[in-house]
Structure formats: C-alpha cells, structure tokens
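Hello,

Please have a look at it before you read on.

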Amino acid sequence: MRLITYGYLVYLLAPIVLLLVGAFGDQWSNTLLPEGLTWRWFISVWEETTYRNAMLTTLKLALTTCLINILLVVPLVYGVTLKFPAVAQSITRLLVMLPVAVPQLVIGFAFILAFSTAMLPWLGSPWLLVAGHVVVTFPYLFYTVYADIEASPLKAYERMAQSLGAAEWQRFVHLYLPLVYRSVFTGSLTVAALSIGEFELSNLISGFMTQPYPVVLIQAFYRTTGFACAATLFLLSLALLFSLFSTLVQWRLGRSSSRELPQ
Amino acid sequence: MIALENIQFHYPHSSVGVHDINLQVETGEFLVVVGASGSGKSTLLQLIAGFLTPLQGRVLLDHQDVTQLSCGERGLGIVLQDYVLFNHMTVLGNVAYPLKVKGVRQVERHRRARKILHDVGLEALEHYYPSQLSGGQQQRVAIARALVFEPRALLLDEPFSALDASRRESMRQELKHIQRQFGVTTLMITHDQEEALMLGDHVAVLEQGELLQHSAPHQLYTQPVSEAVARFIGRTNFIDAQVINSQRIQTADLGILEVTPHAFTVGQTVRAMIRPEAIIANPVSDIVNRVPTTLVERQFLGAQQRHYLLCGTTTLSLESASTPDHITHVALPPTHIHLFNR
Amino acid sequence: MIALENIQFHYPHSSVGVHDINLQVETGEFLVVVGASGSGKSTLLQLIAGFLTPLQGRVLLDHQDVTQLSCGERGLGIVLQDYVLFNHMTVLGNVAYPLKVKGVRQVERHRRARKILHDVGLEALEHYYPSQLSGGQQQRVAIARALVFEPRALLLDEPFSALDASRRESMRQELKHIQRQFGVTTLMITHDQEEALMLGDHVAVLEQGELLQHSAPHQLYTQPVSEAVARFIGRTNFIDAQVINSQRIQTADLGILEVTPHAFTVGQTVRAMIRPEAIIANPVSDIVNRVPTTLVERQFLGAQQRHYLLCGTTTLSLESASTPDHITHVALPPTHIHLFNR
Amino acid sequence: MPRLRFFTVLPLVLPSGIIYTLFFIVPLALLVIAALDSPITTGARLLSEGLVLKSLMTSVALSASTALFSVVVGVVIAEFLYHQPARRRFFLLWLVSLPLVFSGLIVAYGFILLLGRAGFITLSLALIGVDPAWFGRFVYTPQGLVFVYAYFLVPRVVLVMLPVVQGLNRRQLVMAESFGATRWQQIRDVYLPPLMPALVSSWSLCAAVAFGAYGTALALTGSQINLLPLLLYSNISDAGSDMASVALLALLMMCCCLLLTFPGEWIRRRAQHR
Amino acid sequence: ANTLDAELYDGEQELYEAAQEEGLIVSFDTGPTWANWQSQFNRFTERYPGVQIVFNDLGSGATVVALEQARNRPQADTAYYYASSAINAHEKELLSPFTPINFDSIPDVFKADAGEWFTIHSLNVAFIVNTQLVDEVPQSWEDLLDEQYRNSIVYLDPRSTGQGQVLTLAANYAMGGDLDNLTPGIDYLAELSRNGNVARVVGTTPYAQFVRGEIPIWIGYENDGLKASITDGMGDNAAVVIPEEASVAAPYAISLVKNGPNPNAGRLWLNYVMSDEGQRTFAEGFVRPVNGDIELPDTLVDAPQIRPLDVQKASSISADLSHQWTQHVLNQ
Ligand SMILES: Nc1ncnc2c1ncn2[C@@H]1O[C@H](COP(=O)(O)OP(=O)(O)OP(=O)(O)O)[C@@H](O)[C@H]1O
Ligand SMILES: Nc1ncnc2c1ncn2[C@@H]1O[C@H](COP(=O)(O)OP(=O)(O)OP(=O)(O)O)[C@@H](O)[C@H]1O
Ligand SMILES: [Mg+2]
Ligand SMILES: [Mg+2]
C-alpha cells in the first residue's frame, strides 16, 4: 500500500519536476538533463503577444465563468432544494450531470454546428467561450453547493424562520446566504481551476483573439523545449496555487464541500 | 389558550393523518401529547403551528380562529427536536432574530433579547455561538427565542429526543421551571410516557391519529380508558376473563376475581388489567382475590424488584420494594383491576 | 471460565487504559461490566478478546493462558454494539461464516448454522439479509453467529445501545433466556446500570480503568463500597456529616442521625447516603432519625411518585408507591444509611 | 402557499434554465438532427471505412483498461490514506489530487520529457542497456496512454473511494478476524463486497472520461493513434469531411459516454441510499 | 504615429498609418519554427513597431477549416498554407483579392489572377536525419523500408497538413506514380507503416521534437534540417538528404482573408513578405523564395530529382489523397 502510494506520488511529481527543470535549462537536446541555466525562456514567453494575451484571457475567462456560475447556481440550488418536489429534484440532478457526461469534444462540435450558422454567428466570440465554460463547469459548482446544502440544516432553518414570520427574501439573505457561502467559495475555486485548465472545448470554439492559455500552450509544444516548459509553468503554478488555496480553505473552514460529483 | 375543533387532516395520497381531534389547552397550562412513533403527534403540532392546514375543523388561539393564517401570522413560539438554532448567529442574534424580521430596531430588540436571556439564565453567553453551548444551554436559547416575541403559546416537538438519557432528566426540570415562570400556554410532544407523566399538567394520548385519552397524569395511569392507553402508559398485567356478574369475573388460571362494579354485560369476554406494583405479595389470608402462585424468576431493578409469578399458565409480574424469600400467594385488589373490552 | 490476573494496559502515548484488573467469570456465569463512558469497559473487552494485548498480567480461558494468542485463536464468540453483521450475506451466510473460515464443508456448516438458527428462533429467516431484519432479529443473528462454533465464552459490548428504549426491554429478556439455554460463560458490557442489575449474575463496576466493585446486583445496590459506586448505581441522597461516635453522625440540617456501627474515626467528615425509596414518609412518631420536612414538589412517575422534600437547606428526594397528601416528617432508617469518606 | 410556488420558483431557476437550454440542449439537439439526417447511408459509409470500428475498439480497450488500472491503484491509495493521521492524510490528499486541476496538456508534455525517445527515464535506462528506441516508443502507443491517463484518473478514484473506505465498518474486519479468518479471507469476504458498487461506478466514470478525452492524446501522440475522439477531432479539423458523418460520429461518442456514466452513477446512488 | 525613414514602396507610409489604427495582424498558420517566420516577425516588428503580430500553427488543411468555420465572424487577416489548400480556400470564397508589391515576379501558375492567393516561397521534401540515433543515413525512399529504421520515421498527417500531402506526392513520384495515379505512393506509405518503421504521424511540425532528439528520421522539408544543423547547433548530428528517386518542391502561398478584422495591417504584412527584405529573410532560413532574383545560401543545392508541382492538379486530388491515405495507411 505504502509502496503503491509513494510510487504514484513519484510518478505524479516526476513530469512536473522535469517541466520545472526544463524551463530553466538553456539547451536540452538528447541529454539526460538540460545544460546551462537561464531565464530567457520566461522572457521570450512573456514577450510574445499571443501568450501574454492568452494569460489575460484565461484569467478573465475564469473570473467571468465563476461569477456567472455563482449567479446561476446560488438561486438555482435554493429553488431546487426548497421548492422542487422530489421527482423534479432528481430530474434536475440528472440534467445537471449531463454536461459532465457528454465529452467536451462533442459539446465543442455541437457548438460549431449551432453557432457558426448565419442565424447564430457567435462562434469565436468571447461570450460564447464563456458560455461554453459555464456549461461544462457549472455541474461542479452545483453539486458542491447542492451537497453542502443538503447536508445543512437549511430546511429546518426555513421552517423555523417561517414560524417566526420571516419573509422569503429575509430567509434567503439571513439564512441561506450565510449557509451557502463557504461551499460557493470552495466550489468556485474548483470552477476556476477547471476553467483555467480547460482545453478540449476552448480549442474548438475560442476565437483567435480570445484564445485561452491552454489553446496557445499546445503550440508552444512545437517550439524549443525550454520555451515549451516555461510556457507550461504559468498554468502549472496557477494550478498549484488553486489547489493549495482550496485545500487550505477546506482545512480551515472545516465543514468541507463534499465532492458529490466526481471530478 | 389553544383549542382544536374537529380537526381532520390526512396527507395527500394517503389515509394517515389525524382524525376528528378536539383538544383544549387552557392559558398557562402545560399539555403533553404522547403517542407511539407515527401516531400523528408531529402532524398535530404542525397543524397548530400552521405548517399544515386542516382539511376540516378549526384551530383557535385565544378564541380567535387562526385556521387560515400562515404560520408566521399565528405568533406561536416553536421549539423543535434539535432546537434549530441559527449556527451563524450568536446567542443574542438568535434570540433577537424574531424581532428583527418584525422590523424592531436594533437597540430595542437587543434590549428585549437580553432581558429574556437573563430570565433563562444565559445573560453571560450572549456572544457565544450555538456550537459553543451545551445541549441544555442550546435548549434554553431555543426557548428564549421562542418566548422573546411574547408568543400566544409555546409548541415543543420532542425537545429532548436528541439528548442522552442522563442529560434529559435535568433538562426536563429546567423546561418545567421556565414554563411556570413565564406562565405560557405550552403544548409539548413526546413519545416518552415517563416524560409525559412527569411534566404534563394534562396528558393527551394519541394513537393512529386519534385522541385516546386526555386527562391528568395520575388519572391516565390509574384509570386508562382503553387497553391501548394502558399498554402505552406504564407496565401492565393483562388477564383474559369472562363477566359473571357486575362484580365478578371468571378467569382461566386465577379463578373468580372480584372487581369494582362495572357495566359489562354478563357472559361478555373482557380483558382485566392490573399494574405490577398493585399486586400484593403474600397477603393476609382473608383478603379477596387471593391466588396461589409460584415464583419463577426475580429481577433486581435497584429500588425495586420484579417478580415473575406463574399462576397456572398465566405469568404475572409483580414489582415491589421488598424482597420476600418465597411468594406463595398474591392478592389482586379489586380497586386496581380494570376491565376492558376485548 | 474467564480469568484476568493483574491486567495492566494503557494506550500508546497516553495514560488511559485499565489498571491492575483481577476478575473471574465462572463457567456459565453472566457477568455484566458497567461503567461511565470512557471508563475502559471496551478496552477490557478487547483485552479479553485479543484485539489488544495487556502490558502486564495474564488472560486465562478455562485455565489456559491465552495472553499471547491472537483473537482468532482464542475461540471467543463476540457480539458488538451494532452487531456488525455482514450486510452482503444472508442470515444463514452470516451464521455459517465462522465455520466457513475454519474450512467446514458447506453441507455441514449449513446444517450446524440452521440448527443454531432454530435454537434462537430464526429458522424461517435464513434467506433474509440483515437490512431486512428488525433490531431484535439482528441481535439474535449476531448471537447465533457467535455461538455457532461453540465458543469458550461470549463477549458482548453494549449490545443494546443501538436500540430505542421500548425495544431494549424485550431484547434483554431474550438475551438472558438464550444465555441460560446455552449455559455459556458470558461477559457483557453496558453503561446502563439498570440493565446491569437486571441481567448480571454478578456486576463489575469500572471507573477510570479501575475495578471499583465486583459483586451480586443486590449487594452492589444496597452495599456500595464507595460513593462513586453509589452515585453510579441507582438514585441517591447524599448528606454531609461529621462522625460523633461509632453509631451517630451530626448533620447540618437533619440534626443527629443514628447509623449502623461503623469504623470511621470520631470527628471525621463523612458523606452519608440513603436511597430515595428507603426514606419513610410520615413515620410513627417514636421512630429513630425522624426529621421534620416540607414537601416542595411532587413528580408522578407512574408506578411511583417522587417527592422533593426540604429539610432546612437540604433537599431530599423520596420515592414511594403511595401518595400521601402532606409530608410533615420523614424517617431515615439507620440500616439504609451508608457512610463514605469525603 | 403552493399556489404561489410557481412564481417564486421561476426567477430562481429561469436564468440557469435559459443558459442550459441555449448552450447545451440546443447545440446537442442540432447535433442529433444533423447526425440523424440520413443515418443509414452515413452510418453505412462510416462503417464501410472500417476505421470507425477499429477506433471504437481501441478506445474501448484503452478506456476499460486504464479505468481498471486506475481503480486498482486508486483504491489502494485510498485505503493507505485512511490509515494515515489526519494531518498527513490531508497533505497527501492534496498531492494526490493535484492532477485534477492540471490541464491534460501540461503533463502530456511532461511525459514526453520523462518517457519519450530522449526522455529522462529512457536515457537513464539506456545507461543500463535498455534500448531507447524500444522504450521511448511506449509513451506514444495506446498502452502508454493507459499509464498517462491513469495519471488523471487515479485522483478521481481516490476522491470517490476515500469516503467509502472511511465509511466502511472496520469492525466487520475485526469480527471476521475473531472468527479466525485470514487476511486474504477478510479482504475477499468482508472488505471488497461493500466497496463493490463504488468500485464499479468509479470504474465507469473513469472509463467515460478516458473515452471522451482527446487533449492529452493529441498533445502526446498527434493524430495517428486510432482513437475515437482523435478520429472525431481530425475529422472536425479536416476540410474534406462531411458534417453528417462527423455528427454521427459525435453522437456515437456521446452515447458511449452516457452509457458508461449513467449506469455507474445509478449503482452508486442506489448503494448510497441503502 | 510612427513614421518610416524611407518607403520601400509607394504608399507604404500611408498603409502603415492605416495599419497602426488597427494595431494588430492576425496571421494564421505562420508557426514561428516554420520557414523562418520567427525572423520575419522580428524584422517586421522592427520596421513597423506600431503593429503587433499574432499567429498560430494549425496545419494547412486545418487552416482552411478554421477560416470556413469562422466565415461569419472572421478571425484571421492573413492565411498561409500549402498552395493547394489556398486553392481550396479560394473555391470556398474565403479570400479577398490583393496584389502585393512584386506580384509580377510570381509565375502565373503560382498565384490567383486577382491575387486571392499567391505563392511566397517553396519547400523541398527531404529526409532529416538525427545521426546520433541512426547508424546509417538513408539516401532513398527505398532505404527507408529497411529493417534498421524500425520505429524511427515521423511524418506529417496528409489530412490536415500540406507537408503531409506533398511528401505523399513525392513518395508517389519516387514509386513511379503521378498525379493521376496515387496508388504507388499510398502503397509505399502503407508498407512503411506495416513494416513498423513509422513511429508516429503528427499534426504539426515536430521541429522542436527533432531538435530534442525525439525523432530519428523526419520526412520533412530541407529547410528545417538545415536550420537544425546550422542555426540551432546540431551540426553534423542533423543530416539533410534529398531522396535519390524523387522529391517535390511545394509552393506555399499566402492570402488576405475576406472580411478580416485588420485588412490594412494584413496588406502591410503581405507587402512586407513580398518585399526584397522579406524574401531575403526566407532565403536566410534556407527557404527558397518565390522571387528568383534573391541570392540563395550555398547550402541550398539544386538537385535534378526535385520536381515542380502542378498546384491546380494537386489541389483537385488532395481530398482523394487524404481519403486514400486514411483507408490504406491508417486503416490496416
Ligand atoms: N409529509 C408527509 N407525507 C405523507 N405522510 C406523512 C408525511 N409526514 C408524516 N407522514 C405520515 O404521517 C404519520 C404521522 O406522522 P407524524 O410525523 O405526525 O408522527 P409522529 O407521531 O410525530 O411520530 P414520531 O414520534 O416518529 O415523530 C406517519 O405514518 C408518517 O409516515
Ligand atoms: N485506540 C485508542 N487510543 C488511545 N486512547 C484510546 C483508544 N481507544 C480508547 N481510548 C481511550 O481509552 C479510554 C477508555 O476507552 P474505552 O473505549 O474502553 O471506554 P468505554 O468504557 O468503552 O466507553 P464507552 O462507554 O464510551 O464505550 C477512553 O478515555 C478513550 O478515550
Ligand atoms: Mg414527530
Ligand atoms: Mg465502549
């Protein structure tokens, strides 16, 4: 058990370490490790407009995706848990599950079919990209928040507050929001991380000027090893940051978001 | 005052609910509703609270018909099983919340909340969060919150069921104490018969949605109106018998027993009931209803002993503080024998 | 026969455990170990079962030293709190499992499992899964499984704690019945003192890893060796006092009380204990230890009444089956007063 | 209050409903319509090329085996984590779940650096005489993809299995032990059966993910491996292919993934509710 | 606004100012490791600091698909591809006519009449060999079938790239086929795969992988090999072989995209590429510019077996080529 676990961890970290090493290596050609130490790959990645733009695009995209997701999911979960009869709840859960079950390649192709027509000529627009990201990430936020709320005493609170005479909006603001904000936060971290790393859908539907970072990253792989490694580090460090952050948050907030939905 | 008039309710697509309930809780009275799980106790409470609306009948609060009012408008204080405190608010915030939703200004609502916290002895804990409180303190917060807006009545749904046995006892005392102090009309639900007897000014027994009996605890125990009530409250011995005349019954194993005058017809089969502590062990020889018996087993219960006695094929249990070495005869005092239809 | 000799154990990096336990359970005897939560009951059981190994001392089963044997080799039948049935096996599968791991052939093990299922009255349910059974039936499956390989002894760790109060009573009777029927040496753990008194041939009281008392139920109740035991078993009144002479003590509110001869030194402060049911209400006037009192509150407990009495500033509780209207005096019979070090 | 319900629910649910319909249901509906334009002829054409069938087989074999591998490794890790003290478990869990937030691309390149023809391990092994031409090819083959995919799938398995493993009634093992059951008997008779539903469902989840993903494979191997998603991708980016057949291919892929996902989910939820 | 010291051609300053308004050029498929585009970018931005240039690297076929998908919302200003893909794009009416400077220097067969596309350079099919990984440098297509090259050969996918198409044609010529008969070439590639000599077929240029030492033999264009050897320091470790039997000179074209977002910047860019400086930059990168007046580096030798390509014809058979390749090479 110990052997397999630590074996996996080595396996997990080895490519990352090599990427790190490669990014600082001057020349790496058919040798065990690169020769020379340099910063120049970072500089050249930064100097290329495409990569700089893509970094910004990715960050903006992740942020917008998160915001829209929150605006959609927070009221949705409230409605679903409190107002939906059991059957409608399970249907909703099933529907929400679908975007995860359908491969992103298929969703992307469906987008191409639907939105490159003269009637809906949206393919390539940044908003369509955001919409795509929202569709594929929102199940994760939904399930995080939903599972958290299911496990929370919201229903009891609602009933109690109702008996105390609290109006609907008062209950939403005074009781639901305080209950839900932690899981919204941790769920948003997941969403942001997913959105930042998303390639399969973005690659098909992003407009050239709003290519997120992963899409341009794959082209870095056709370049020099050092350049490619340096280019991955941006994503890598964001990923590490997010994962560290959400771990810390869960550690501190205690009541963690149960990952009802497998990632 | 709470009054229920011919309340009729069942859940959609089912026949379970409560049927034709008439019940009155006087102002300041403490009524305990007791019944087995699923007997409709919570349903009854929800009908009073306004979470459910009866299909027929009326709910009156202080002579006002509130049947069509929503729960928020009825002005009842409700304490549920697990208290349902708002975990993200302090004790003060919790207690002041009912005033907040009514639009009372902060200064005023804090003043009133503090006063009631003082009354329940929690003034020192106002900045604590519910998770930092013991079960008993949480209960008092829940009660304070239910009392802060001077409700017309207090409804409690199994407030002790979440507690372990050792804690329960002291919390019962505390509840009784607070209820007396505020003199608030209270209806409490429990499935624990001992609790009901201990706390209630009156006790109502519910079974399958029907009100079986509604009387003072002592009367409930000593004069149950039906076999069901007798079974539910306390331990009992049942003996099948046949009526000989208005003062005698014939049993298979205990011979002819004298009973207090009754209205059953001669020849009818009945069920006679006697509490284990009412049976007299080794009575004087000229007592009525004296029956020979053999001691089968003895169980030590601490303050009391339980004796399993065999009379023919009938097993009687007898509880007493004393521990006679042998039991050769027992007596069943006629006043303690109750007859029920079979 | 189970025997523990000078058993010493504590968990790594802590001092909690059990300390210097000597205990013997005779063949066919039913010993109940009782104690507060965390007192080390389960630890003790695990030491006997072989899940833990004592740091010092020996565990003997039928005079054989099994201290170094693994739990599988000790041949004990174990029934845990929630029975731990294998949910994916049928009743028959569960009961036959211990035989299966011993390599008994299927035909033979089914025959033996069916026999024991018959003995515990479950022959009709052999194809059911545990989730389809009631709590009582599950318990019987667990016991059957523990008995099927003819264990040297039966160990039960709080087998009733997962049940609700109303179910518990009948399951206790059933356990006792099965234990007698099989005549198997049994050690049962519980934190419920009533249960301990009811079921045990002997009862051992554990506190903080130490064995306080080990005696028959009645003796435990009436002659607790320490205040801790007295507090834990049954309800008690405690009165602080000072020894005047070998037969008298001085109390603050009850004056001088006569007691049975004791060995405390004169002038020593002691704690006197008397059970609520031992106090006599409104005694004849020439009785010893007669004290004036006022009735503060009365609680109806069904078969009994509890009376809260005030003597000066001391509150006494008195339990009796009768309900006198007034209580003006009580008597504390000297034979029921026990003295403990304070 | 039931009367008011409709109007109070609407504003809560409508925005999500609109986005979901417009950006998920409508495109997929159009896809299905395009695919079912003339399904028989298109389908026959696709089949006659034979490539589709072959890709499907490879994809199925790849996803099934990588899922199986991941489940086995994942459950062992979950069990190991269960035994760790809370702090270390949290740290290890963080490490293990790192790949979840990585884009598949990053690590694909990392694997070339690690296992490629000039990769770190390949060259290290070459020092002890392993032919780099032979070893360096591995990562570009479907068998190599099994291991690369497992990189991302193992954490999913761990996250699904850890609560199940934690929720397992350990005393069942103790109980079996007290009957004298050996370690292996305990695992076979008592440990595995209750885990089975979760194992099956994580397998199907992993298989579905592996079946649908193309990013890693694209970055690693280019387009020449016959995998269904890669075939679909190169058809999408090939000027010559007709939309109807691509749509049919997409539909086929979608159905496969749904077929893998939903029964697994169903098993898991049913087991949870028991 | 920036001004130019001296105009390369009439109206350059005016065009530059209009381009600065737009500020950006989106140049599709001009991958920086390909055909010395990196130097082109560098020199262009040096000359026109007010205009930024962004690009991607898709493959010729994929570029046409990308243009087509974005027909209603064009993303690109210019598109660069293998000439037969240009013809394909022209047929789909994705391009806009533009005649850059020196348009007349381009042979007629290498451009559309109105300038919807025009060739800017050509590339010759060659074997690029990492001599560290290969014992014996192959000299001919026939050699590649040898057992010693098991698992060694990488080439580009004919379905999505021009290079893939061209090398298939070259192999076809070598095996005795012609543009009307692709079977010999396809059969040859099929046999190559069947022997297990093909390690992978990739979607875009594996130049970086070659330099890293991932690839023993790459059937590509001579300029990449020369660049690896001379510019990127591989020296003798990289050998460039024009195969003995036949090779093909593939014309590469560029176009102004219809309704592109930055038309003036696009024109400025195309003019620059066609300018003497731009054409010279190609030559420096071992690429043969379309303008025959430019001096070529010594390392670029003319070999008789290099055949010119009939782009019109090649375009008309390209779909068939993809299909046959898929059927016979991939599907076996
Ligand atoms: N929402 C509902 N829909 C349908 N039937 C219900 C509903 N709530 C309760 N019931 C049924 O109504 C009956 C009475 O339920 P109720 O909750 O009033 O019981 P109770 O006396 O409070 O029991 P407990 O002591 O277990 O709380 C039960 O049979 C229950 O199954
Ligand atoms: N594995 C362990 N490691 C360290 N300390 C332990 C361990 N198990 C139990 N303890 C401690 O040992 C003491 C006795 O535990 P034990 O389980 O024997 O109590 P118990 O009498 O069975 O209590 P309960 O009635 O709650 O089951 C407790 O203080 C407990 O915290
Ligand atoms: Mg209830
Ligand atoms: Mg225990």
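Here is what I found, starting with one chain and ending with one residue.

A word on conventions: this is a predicted model, where local features need pLDDT of at least 70, side-chain atom pairs count only at pLDDT 80 or more, and totals for chains, interfaces and linings use all residues. Residues are numbered from 1 along each chain as its sequence is written, chains are lettered from A and ligands numbered from 1 in the order in which they are written, and side-chain values use heavy atoms, with hydrogens and water left out.

Chain E contains 12 helices and 12 strands (DSSP runs, numbered from the N terminus: H or I of at least four residues for helices, E of at least two for strands). Its radius of gyration, 20 Å, is close to the 20 Å that the globule rule gives for 332 residues, so chain E is as compact as a globular protein of that length (the radius is taken over C-alpha atoms, and the rule is 2.2 Å times the number of residues to the power 0.38). Along the principal axes, the C-alpha atoms of chain E fill a box of roughly 60 × 40 × 30 Å. Of the 332 residues in chain E, 66% are buried, meaning under 20% relative accessible area with a 1.4 Å probe, protein chains only.

Now to chain D, where D:Leu248 sits in helix H14 (residues 243-273). D:Leu248 is buried, at a relative accessible area of 15%. Its contacts (heavy atoms within 4.5 Å), not counting residues up to four places away in sequence, include D:Ala35, D:Pro39 and D:Leu46.

Best wishes

Definitions and conventions
Buried < 20%, exposed > 50% of the residue type's maximum accessible area, 1.4 Å probe, protein only.
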